[in-house]
Each structure stands twice: as structure tokens, then as C-alpha cells.
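Subject: Structure handover

Hello,

Here is the structure I promised to pass on. Please open it alongside this note.

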Amino acid sequence: MTLVREPVTRVLLACPVVGADADPSTADVLEQARLVEDGLAALGLPYRRVSVAGGQAWELAAALTPGAVVVNLLEAPPGAPQRHAAATAVLELLGVPFTGCGADALWLTTDKLATRAMLGASGIPVAAGGRLDPQAPALPPGVRYPVIVKPAWEDASLGLEGNPLCGSWEELAGRARRLATRFTGQPLVLEEFLPGREFNVSLLQRSEGPQALPVAEIAFGDLPDGVPPIVGFEAKWEPGSPADRHTVRRFPDAQEDGELVRRIGELALTAWRECGLAGYARVDVRLDAHGQPRVLEVNANPCLSPEAGFMAAAARAGLDAAAVVRALLEAALCRHRGGGQ
């Protein structure tokens, strides 16, 4: 098989070592690896899974051969989110084509404060807020309760367990202390809670540039008392929990929400360009009290497990695992030969 006029003789599937006691947010990468393997098998491409411990991507060097492409599923070791970009930086130093975003985009989007600053400087609307000092918690000027406080470097909704909404200074101060103790040395982000609808936009790089896949809405229906309308840890990782049961992904009606969906898609594509993304990504958007979309998160190299939002949007667009994997490999080779993003 030939991709972008270059033969792929071998694919290395770089996957972190996952311990038997790993929590669901960490173990989920194994589901992603199986989906990629299914796609590679359907494409008829030979591959080898390489397990990398602790994000040490130098271990891949011995397995590299001419024509090899790395499917990069490497993640930060548990408890060290600031190292997320390090393994990808090693792939760049090795000079090998690899799927997904480069180290610079991963570094940026791993840091929610840096991402907010980049988006704001580019004119992309975000929720009002900023960095929170846990020793002297206070609302930034113009920010009103309720607010959300979360660790700046975590993904997979770590730190968003329970009810992270704070409606008073007492709740804010207590939550700030708990997060600062749990995520030692990590900055905290405070954002005003946006009360409107929530959407996510999965983006896939194609030959003509990044493409917004069908926009999904996260609908919160009949939530029990104490369960906030956000995609917290329980909604993502605890099947059957009240948050999971009442958090539903749907795809808006094109006739009813067509203009809003178009605006959200354009906003996500702008975020892609400003954050220097490549390969694939997901941008989470929420409407403010006036119905205006604001970017919540920019997720480089989002989850590829079959039940996750990216693959749901891909399926809605008529793309199976093989089509997604092919697009990722093509984008990796295009960037490697200097074709850009």
C-alpha cells in the first residue's frame, strides 16, 4: 500500500505500559491501541506494538527501520502530566514520521493556562477566569459565581470528580485547598461556569487541510441533585453512575441548529490553526449566558477508543477505523516531508 507516494513498510504502534491497577482513564489507551490495530489490519499494513515505560520514547530507536511510521499513543506517566510532550519531542529528535500533534502543540494544550492565553491573544473567546492562588483564593475582576476550579495540566477530567462547581467563597477556598494538596506544584485554573449548551468538535487532517467532523452536543438531562451539568470524571469513567446515565452525546439537527453548528466548527478550526495542531484533535465548546460559543478545552491527540467522542464523530461522517488510521498516517507522512499541517 502507498500513502502520500511513500511506501509504509512498517508501522510502530507506540503505547505506554499500563499497570494492572491502572484507573480507567489510564487503561483506556489499550482500547485505543486495539482500534488502531484493527484499522492497520484492515489496511493490510504490517505493524508492531511497542510498549514504552514512563514516556521514555528513546526505547523506540532500536525498533525503527527505513519506511517506518510511528502511531503515537504515548501519554504522560501518571502523576507527571507536564511530561506529556517529552516523548513526542524524542520522536522529533529521532527524525521519524509520527501521527498526531508535535511536541510544541502538546506542550501548549497540556497547559490550560497557556492555552487560554494563546486563544485569548488570538481573539478566540474563552470563559472568563485565570490562574487561582490557593493560598489567597479570589475571583478575578468581572468573574461571577458559580465558578469551576481545576488543575491546569491534567486531562481526562482528573480533578473534576464530584461537584466542582463553587457557588461561594467558602466552597472556592475549600476546593482550592484540596486540589492544591492533591496536585502538588500544579497551577489551578478558575473559570466562570458557562450555563449554555455544550458541544465538541472532532477535527481530522485531510489532504485539503483540517476537516471538522460532525459536531456533537453533550446533553445533560434530568440530572439528580448534586450532579452538575458538566462532563466530569464520573461521566467519563464510571459507567452506570448518575452522571454517566444523564450525560448523553447527540448530533444536533442540521436544519434546526445549522448556523450555530457552522459557527462552532469554524471556531474549532481557528483554534486548530492558532494552536498549531496536526493530525487530529478535539475542541470543546460551550455557550455562555447570551448563547455565544466559547472554547473550553483544546485536546491534542484525543482519545481514539471506540466509545469516545472522536470515533463517534468519525462514524457519523462515514469513517471507520481504517479510514481514520489511514488519514493519520497520511498526515504524518505529509508533515515529515515538509507538507505542513
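Below is what came out of it, starting with a sheet and ending with an aromatic pair.

First, a caution: the model is predicted.

The sheet

Four strands make up an open sheet, ordered β6-β9-β7-β8. Their pairing is antiparallel. The edges belong to β6 (129-132) and β8 (165-166). Each has a single partner strand, so one side of each lacks a neighbour in the sheet. For β6, four antiparallel bridges connect to β9 (residues 188-192). Look at Arg131 for an example: its bridge partner in β9 is Val189.

Helix α4 (residues 112-121) packs on it and touches β6, β7 (147-151) and β9. The direction of α4 makes about 45° with that of β9. Helix α5 (residues 169-182) lies across β6, β7, β8 and β9. It runs at about 10° to β7.

Helix pairs

Take α2 (residues 84-94) and α3 (residues 103-110) to begin with. They pack with axes 8 Å apart, at an angle of about 175°. Angles over 145 degrees count as roughly antiparallel, and that is how α2 lies to α3. On the α2 side the contact uses His84, Ala85, Thr88, Ala89 and Glu92. From α3 come Ala103, Leu106, Trp107 and Thr110. By class, that contact has five nonpolar, three polar and one charged residues.

The other pair is α1 (residues 24-43) with α10 (residues 321-336). Here the axes come within 8 Å and cross at roughly 90°. That makes α1 roughly perpendicular to α10. In α1, the residues in contact are Leu35, Val36, Gly39, Leu40, Ala42 and Leu43. They meet Ala321, Ala322, Val325, Arg326 and Leu329 of α10. The classes here are nine nonpolar, one polar and one charged.

The aromatic pair

How many aromatic pairs does the count give? One. The rings are those of Tyr280 and Phe310, with centres 5.7 Å apart and planes at 75°. Planes over 60 degrees apart count as edge-to-face, so this pair is edge-to-face. It links distant parts of the chain, 30 residues apart. Tyr280 sits in strand β14 (residues 280-287), while Phe310 is in helix α9 (residues 309-316).

Are the two residues buried or exposed? The cut-off for buried is under 20% relative accessible area. Tyr280 has 2%, so Tyr280 counts as buried. Phe310 is buried too, at 1%.

Best wishes

Definitions and conventions
Residues are numbered from 1 along each chain as its sequence is written. This is a predicted model: local features need pLDDT of at least 70, side-chain atom pairs count only at pLDDT 80 or more; totals for chains, interfaces and linings use all residues. Side-chain values use heavy atoms; hydrogens and water are left out. Two strands pair if DSSP finds at least two bridges between them. Helices (H or I, at least four residues) and strands (E, at least two) are DSSP runs, numbered from the N terminus. Contact means heavy atoms within 4.5 Å. Axes are lines fitted to C-alpha atoms, for helices over the stretch in contact, and angles run from 0 to 180 degrees between N-to-C directions. Angles under 35 degrees count as roughly parallel, over 145 as roughly antiparallel, 65 to 115 as roughly perpendicular and the rest as oblique. Ala, Val, Leu, Ile, Met, Phe, Trp, Tyr, Cys and Pro count as nonpolar, Asp, Glu, Lys and Arg as charged, and the others, Gly among them, as polar. Rings of Phe, Tyr and Trp (its six-membered ring) pair if their centres lie within 6.5 Å; planes under 30 degrees apart count as stacked, over 60 as edge-to-face and the rest as tilted. Buried means under 20% relative accessible area, exposed over 50%, partly exposed in between (1.4 Å probe, protein chains only).
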